[in-house]
Amino acid sequence: MTTERTEDYLKAIDTVIEKKGYSQVKDIARFLNVSPSSVTGMFKKLTKEGYINYEKYGGVTLTPEGKKLARSTKEKYSVLHEFLILLGVDEVTADDDACKMEHAVTLQTLEKLTKFSEFVNSKEEMPKFFLHFKEFCEKGEISECKKKKQNVSLNKKTRKACKE
């Protein structure tokens with residue numbers, strides 16, 4: 001079982017390598033906002049666990065196992081971030097929450113969230129229930145038109161407004 005810290009480091013290494021083509025202690029220290037000595041210590045641990053190849057004063061690469069774990073963590077983040085954005089969570093909060101949630105979400109939940117996001121995104125228009133949800137979030141109540149569909153009787157004025 002890997003730790004959140006391990007996953008964060010592997011994800012950071014993978015991201016930096018994707019951007020720069022290589023990664024060093026200073027890159028990861030900057031990326032994670034930690035000290036270079038913390039990174040060196042973690043690199044030794046990750047090397048021992050078989051997730052990275054690290055040479056002191058040199059670069060770091062991911063082993064196949066390290067790359068697999070990094071990509072899995074990044075995929076979890078991506079699905080969770082997209083789902084939170086779909087719900088209307090702002091970008092900064094969605095980023096922060098997805099980073100926290102990626103370490104705890106089960107495979108079953110991730111699969112359902114992935115399918116749900118794919119389903120919603122396969123539609124040309126935003127599904128009506130999302131528009132209703134957005135309205136509910138803004139107003140804190142379900143409009144009279146939605147109540148109509150729940151077999152609640154509406155007065156003449158409300159029925160006319162619902163048709164428009």
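Q: How do you know that the span of helix 4 agrees with its 23 residues?
A: The expected span is 1.5 Å times one less than the number of residues, which for helix 4 gives 33 Å, and because the end C-alpha atoms lie 33 Å apart, the two values agree. Helices here are DSSP runs of H or I with at least four residues, and strands are runs of E with at least two, numbered from the N terminus. Just beyond helix 4, glycine 88 adopts a positive phi of about 100 degrees.

Q: What kind of model do these values come from?
A: The model is predicted, so local features need pLDDT of at least 70 and side-chain atom pairs count only at pLDDT 80 or more, whereas totals for chains, interfaces and linings use all residues. Residues are numbered from 1 along each chain as its sequence is written, and side-chain values use heavy atoms, with hydrogens and water left out.

Q: Why is glutamate 7 called buried?
A: Buried means under 20% relative accessible area, exposed over 50% and partly exposed in between, for a 1.4 Å probe and protein chains only; glutamate 7 has 8%, and is therefore buried.

Q: Which residues is glutamate 7 in contact with, leaving aside neighbours within four places in sequence?
A: Glutamate 7, which lies in helix 1, is in contact (heavy atoms within 4.5 Å) with Thr2, Leu69, Thr73 and His103. Its C-alpha atom is also separated by 9.0 Å from that of glycine 66, 59 residues apart along the chain.

Q: Which members of the largest nonpolar core touch the most other members?
A: A nonpolar core is a set of buried Ala, Val, Leu, Ile, Met, Phe, Trp, Tyr and Cys residues joined through side-chain atoms within 4.5 Å; the largest has 19 residues, of which Leu10, Ile13, Ile28, Phe43, Leu46 and Ile52 touch the most other members. Helix 1, helix 2, helix 3 (36-48), strand 1 (52-54), strand 2 (60-62) and helix 4 each give two or more residues to this core, and helix 1 has the largest share, five residues. Not counting residues up to four places away in sequence, isoleucine 13 touches Ser23, Ile28, Phe43, Leu46, Ile52, Val60 and Leu62. A second, separate core of 10 residues includes Leu80, Phe83, Ala94 and Leu110.
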